[in-house]
Number of protein chains: 2
Amino acid sequence: MELLFLGTSAGTPTKSRNVTGLALRKVDAKPWILVDCGEATQHRILRAPISLHRLQAICITHLHGDHCYGLPGLLASASLMGRTAPLTIIGPKELPEWVRITLQLTQVTLGYELDFIDVASLTAPVALDDFLVSTIPLSHRVACFAYQFVETYVLRKLDKAKLLADGIESGEVWGQLLRGETATFPDGRIINSESSREAYLLPTRPPHTVIIAGDNDNPALLAHSAQSAQLLVHEATYTQDIADKVGAEAQHSSAKMIAEFAQAVALPNLILTHFSPRYRNGGKGHTIHEIEQEARQHYGGTLFLAQDLALYYLDNSGKLSKRDARG
Amino acid sequence: MELLFLGTSAGTPTKSRNVTGLALRKVDAKPWILVDCGEATQHRILRAPISLHRLQAICITHLHGDHCYGLPGLLASASLMGRTAPLTIIGPKELPEWVRITLQLTQVTLGYELDFIDVASLTAPVALDDFLVSTIPLSHRVACFAYQFVETYVLRKLDKAKLLADGIESGEVWGQLLRGETATFPDGRIINSESSREAYLLPTRPPHTVIIAGDNDNPALLAHSAQSAQLLVHEATYTQDIADKVGAEAQHSSAKMIAEFAQAVALPNLILTHFSPRYRNGGKGHTIHEIEQEARQHYGGTLFLAQDLALYYLDNSGKLSKRDARG
């Protein structure tokens, strides 16, 4: 799986961080899913190796402006660029009416259909793109959710012993089986169905699970889901000292809170995001390094502080690494 | 007067051009007025030498998304940054309800008042910041307006002959009079009222007029207003060949149309903006130079093709020049 951050700032954008948006896709795949759509998400997409034509679904965690104000512009631009494929949007039930009002006010007729799913109605996982998607309710000032993505496609490997036992030597046929293409065996058999192909394939590993959380002041709500997750993306809006000053009514997590949680559930990989604009990349005043230092004090797993347009890659072994994705 | 372009692309943003937004202010002044507010206008402001705290008014030309989708985010950010001063918004009558619905949906309570003015009700000029503002109806797919700004503040010069005749020699007192500060004359008179100061000042020039037009396929609608204007900012979405291909129903101007108009009314300064994203700054395909070449064929005055974050300066003599404003 690959995660590409389109925005990592809380509330307002900064010169280096946009408000929230995150692209998720199977490694090197063209189709992708967008989680949250703050203002200027479409501007970030212009600088990323992803296309609005291949966007499969949008999942909105909650209806604060820094998570959804970019939606009308993104939808209108996709239409102006010629998109015709239907688009699924999962979000709070008030969302479709606002989108409808906004598009109508500005005389936008989309050239494609929108399929809305009320996030609160998602009691069973739904298949989106290459993932099974389910939700976890969070604790914030408004109804807010985490989205859990489980791979439905896992790379397969050839059952070489069975192939050789059946007299099928290494060659073009092996590649065709792996790629899901029609293969003709030496004995004339034509393998062109999923079931006939499956007989010569072995599963490589259990599917990976990634949780992408919205704003939340109670990480423990993710305790059950996180046990099966390779990666959690969670807000760390403040360091603990600032969180204490701001007060509990903001209902955000500190770096300490989420790091302690991740440590307690033995989460292998954690990406923090949604940083208060007061934390700068350097210079005077608060810096983003304070959040990183605080998190590392309490969490020993693989930790990244998300950067805009950075690509994070979860490999087959479940190891997370960072790549540059600037388009 | 100074004009700072925050977006110069039509319909969708590109890597180098945002959708429409334009800041207007008295030269070197802190207060400013925003004309149109496409998505990510607030992001452009982060890179410009202007502050949301000093924004005096927003004028929306029409309700297409590329001219107004940035409004909710900008208003919310101004509040998050602590703005308390009331803000005037002039725009189509449907605008305040959409802003209200959007802010309510996303639980934004602004820390300042919004004063809405229905653009269609503006039958007489209103004073905004350092300008008298009036409107001119245009021709587009939806109700659309041009905003005309006339300076109410014009730099004054000292009546040196009168000062010398009254025995007041050149010195600190002269500067105090010019700056509107309290001045004490050699004979003991204290000059601290506008009327006593006025006796020693001369007006320098008639006020300048700038017209900033929204989308429009009929430049002749501006014929009367343009006669007294030093500068017109107008869309040139296409070159004529592309305009012909796109068809009249888009209701935009070509470079040829607006250049011919500006030539016919002997307009001294013209800035073109709102370019179709198909016109790139260079490389293969259509380039922005095609628009410039077409305009120059038909217009002999001072011409600029607007660039994002470029500052255009109309000096006291009415001469327009370009400055770099990147913050």
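User: Which side chain makes a polar contact of 2.6 Å with the side chain of B:Ser139?
Analyst: This is a predicted model, in which local features need pLDDT of at least 70 and side-chain atom pairs count only at pLDDT 80 or more, while totals for chains, interfaces and linings use all residues. Residues are numbered from 1 along each chain as its sequence is written, chains are lettered from A and ligands numbered from 1 in the order in which they are written, and side-chain values use heavy atoms, with hydrogens and water left out. A polar contact is a pair of N or O atoms within 3.5 Å; within protein, one must be able to donate a hydrogen and the other to accept it, and residues adjacent in sequence count only if both atoms are side-chain atoms. At 2.6 Å, the partner of B:Ser139 is the side chain of B:Asp217.

User: Which side chain is joined to that of B:Ser139 by a polar contact of 3.3 Å?
Analyst: B:Ser139 is found in the loop between β8 (131-137) and β9 (145-151) of chain B; helices (H or I, at least four residues) and strands (E, at least two) are DSSP runs, numbered from the N terminus. Leaving aside neighbours within four places in sequence, its contacts (heavy atoms within 4.5 Å) include B:Asp215, B:Asn216 and B:Leu221. The polar contact of 3.3 Å is with the side chain of B:Gln251.

User: Which strands are at the edges of the seven-stranded open sheet of chain B?
Analyst: The strand order is β7-β8-β9-β14-β15-β16-β17, with mixed pairing. Two strands pair if DSSP finds at least two bridges between them. Each edge strand pairs on one side only, and these are β7 (126-128) and β17 (302-305) of chain B.

User: Which residue in β8(B) stands opposite B:Leu128?
Analyst: Strands of a sheet pair through backbone hydrogen bonds, either parallel or antiparallel. Here β7(B) and β8(B) run antiparallel and are joined by three bridges. Opposite B:Leu128 stands B:Phe131.

User: At about what angle does helix α11 of chain B run to β17(B)?
Analyst: Axes are lines fitted to C-alpha atoms, for helices over the stretch in contact, and angles run from 0 to 180 degrees between N-to-C directions. Helix α11 (residues 288-298) lies across β16 (269-273) and β17 of chain B. Its angle to β17(B) is about 165°.

User: Is A:Asp66 buried or exposed?
Analyst: UniProt places an "active site" feature (unreviewed entry) at A:Asp66, and such annotations may be inferred rather than shown by experiment, with feature names shortened and positions given in the numbering used here. A:Asp66 is in helix α2 (residues 65-68) of chain A. Buried means under 20% relative accessible area, exposed over 50%, and partly exposed in between (1.4 Å probe, protein chains only). Since its relative accessible area is 11%, A:Asp66 is buried.

User: Why do the UniProt "binding site" residues gather at one spot, and within what C-alpha distance?
Analyst: The unreviewed entry lists A:Asp66, A:His67, A:Asp215 and A:His274. They span 209 residues in sequence, yet they gather at one spot because no two of their C-alpha atoms are more than 10.8 Å apart.

User: Which side chain is joined to that of A:Asp215 by a polar contact of 3.4 Å?
Analyst: A:Asp215 is in the loop between β14 (209-213) and α8 (223-226) of chain A, and is buried at a relative accessible area of 2%. Not counting residues up to four places away in sequence, A:Asp215 touches A:His67 and A:His274, among others. The polar contact of 3.4 Å is with the side chain of A:His140.
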